[in-house]
Amino acid sequence: MRQIKLTEVHPGMVLARNLFNRKGHILLATGAMLTENYLHKLRRLKVKTLFIQDPRYDDINIPEYLSLETQQRALSILNTTMEKIHNRETFAINAISNVASDIVEELILQPSVSIQLTGIATHDDYTLDHSLNCAIYTALLARSCDFTIPQIKEIACGALLHDVGKMKVDKGIINKPGRLTEKEFGIIKQHPQSGFNLLVKKRWELSSLVAHMAWQHHEKIDGTGYPRGLQGEEILNYSRLLTITDVYEAITGCRPYRKSMKLQEAYHIIHSGLGTTFDKNYGEIFLSKMALYSPGMEVTLNTGEKAIVISLLESAPQKPIIRLISYPDGTPYMPPTDINLAKNPQLSIVSTSPI
Ligand SMILES: [Fe+2]
């Protein structure tokens, strides 16, 4: 399996990972042969990258944090809940807390301690993708910060629901491809308060900490965040985890207003905000666990050679094992050779594609 840009996919290639829509239904299943008709539809859906089968990279294992069944169920429940809120209908919260609990039960079985991109992207609803990915990243971070399992379940639930207030905002503003006007940004900035107002009404069924995560996820340690300008430990520890993963997901996921940024840029943005935007301790733990590369990703080395990331070692998630595929002049490496970058300090990755 390898991940390539949609523009590089051609008819006859075979899909190696399911593509979902917002309802959790599969748009295209693993094993589907890509045709010009499918590619045309994927371009219209603004799909940026696909995982495709490639016998040269059969041994590449791109981690799937959640089973297909849990991903589908989570997306479907989130979609139903968000639609009900948008339509001002009453909504039940127990399905969300149950699926948050199931997500955590699956995640704690994962042997890997590194935080890697989930690959979950439905391509037609950024808020759903963002919420589910945030739940996964925040639960993984909470596990690394030694929170208890019941706490991690509350945290995952809060991460799933943190942006529910956006359902009160005009979708035209949420999905606007261009720069927001000051007035539009002012409207967006109301979503933490709206989310809290919605969730606090469910306090008999849901921990009030979950409602506070929605309220506080845009606060910053130095008090420059919104809506209340809380500082330091005035911000709940659960929310201080979420502010990190919320920004990480927003940077690395696909959004209508820009291309997703590289993992290295996400690393630098979080690093430069330690102690000001982000909790220093939690942020440092996140960065130490955050993989800078994703298996299947094509990279260029300082020597000019091209390679594919094969796997990440838990001991050094930022120095992957790679497979050299071509020389600087483009001549294929024969046979392709695997190298552990942790054991070859003279080699470094200078650029990546396609993320
Ligand atoms: Fe938000």
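This is a predicted model: local features need pLDDT of at least 70, side-chain atom pairs count only at pLDDT 80 or more; totals for chains, interfaces and linings use all residues.
Me: How do you know whether the radius of gyration agrees with that of a compact globule?
Reply: The radius is taken over C-alpha atoms, and the globule rule is 2.2 Å times the number of residues to the power 0.38. For 355 residues the rule gives a value near 20 Å, and the protein has 20 Å, so the two agree. Along the principal axes, the C-alpha atoms fill a box of roughly 65 × 45 × 40 Å.

Me: Why is histidine 191 called buried?
Reply: A residue is buried if 20 or more other C-beta atoms, placed from the backbone, lie within 10 Å of its own, exposed if 12 or fewer do, and partly exposed in between. Histidine 191 has 23 other C-beta atoms within 10 Å, and therefore counts as buried. Histidine 191 is found in helix H8, which spans residues 191-200 and whose buried residues also include Phe196 and Leu199. Of the 355 residues of the protein, 40% count as buried.

Me: Which residues is histidine 191 in contact with, leaving aside its neighbours within four places in sequence?
Reply: Contact requires that the C-beta atoms of two residues, placed from the backbone, lie within 7 Å. Under that criterion, histidine 191 is in contact with Asp163, Gly165, Lys166, Lys168 and Val169. Helix H5 (149-161), helix H7 (182-188) and helix H9 (208-216) are among what covers the buried residues of H8.

Me: What makes E7 and E8 a pair of strands?
Reply: Two strands pair if DSSP finds at least two bridges between them. Strand E7 (residues 316-326) and strand E8 (residues 332-340) have five bridges, in the antiparallel sense, and isoleucine 322 stands opposite isoleucine 339 in E8. Five residues lie between the strands of this hairpin, where glycine 330 takes a positive phi near 95 degrees.

Conventions: Residues are numbered from 1 along each chain as its sequence is written. Helices (H or I, at least four residues) and strands (E, at least two) are DSSP runs, numbered from the N terminus.
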